[in-house]
Amino acid sequence: GGLIIYRRPILQAFGLWKILSQQCNRQANRTTEHPAMSIKQAYDILGIDSNAGRARIIRAHKQLMARNHPDKGGSDYLAQKINGARDLLLKQPGLND
């Protein structure tokens, strides 16, 4: 189908803005799927050594998100990668503190 551009105030008045934005987000997620990230890639994204502990992973994540958060002009894609790297590394068994 074709893309129809609606004016946000009109859509908000009819309560349709939230529904349309959710549909667009779902469609965008389907078209931008990326292969799974490796552990090494996760460490590289956060810019830390592979022997970094939980506290260092969290600190690196916070520093990167402070600079790359979408609400502060950063990229949704980068924020997704940074969050994914943090999640992957924190799930590792035997992670030192």
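Predicted model: local features only at pLDDT ≥ 70, side-chain atom pairs only at ≥ 80, totals over all residues.
Figure 1. Of its 97 residues, 21% count as buried. The secondary structure consists of five helices and zero strands, giving the pattern α-α-α-α-α when read along the sequence. Among contacts in the chain with a separation of 6 or more, 53% are between residues 24 or more positions apart.

**Figure 2. The crossing of helices H3 and H5.** Two packed helices are described by the angle between their axes and the distance between the axes. Helix H3 spans residues 39-46 and helix H5 spans residues 76-90. Their axes come within 9 Å and cross at roughly 125°. H3 is therefore oblique to H5. The crossing in which H3 passes H5 is left-handed.

**Figure 3. Residues that form the contact of H3 with H5.** From H3, the contact is made by Ile39, Ala42, Tyr43, Ile45 and Leu46. H5 contributes Lys81, Ile82, Ala85, Arg86, Leu88 and Leu89. By residue class, the contact of H3 with H5 comprises nine nonpolar, no polar and two charged residues.

Figure 4. Leu89 lies in helix H5 and has a relative accessible area of 0%. Because this value is under the 20% limit, Leu89 counts as buried. When residues up to four places away in sequence are not counted, Leu89 touches Ile39, Ala42, Tyr43, Leu46, Ile48, Ile57 and Leu95. Among these partners, Ile39, Ala42, Tyr43 and Leu46 also belong to the H3 side of the contact with H5.

Figure 5. His61 is placed in helix H4, which covers residues 54-68. The relative accessibility of His61 is 9%, so His61 counts as buried, the limit being under 20%. Leaving aside neighbours within four places in sequence, His61 is in contact with Leu46, Ile82, Asn83 and Arg86. Of these partners, Leu46 is one of the H3 residues in the contact with H5, while Ile82 and Arg86 are among the H5 residues of that contact. Leu46 is also listed among the residues that Leu89 touches.

How values were computed:
Residues numbered from 1 in each chain as written. Heavy atoms only, no water. Helix = DSSP H or I, 4+ residues; strand = E, 2+ residues; numbered from the N terminus. Buried < 20%, exposed > 50% of the residue type's maximum accessible area, 1.4 Å probe, protein only. Contact = heavy atoms within 4.5 Å. Axes fitted to C-alpha atoms, helices over the stretch in contact; angles between N-to-C directions. Parallel < 35°, antiparallel > 145°, perpendicular 65-115°, else oblique. Left-handed = near helix turned anticlockwise from the far one by under 90°. Nonpolar A, V, L, I, M, F, W, Y, C, P; charged D, E, K, R; others polar.
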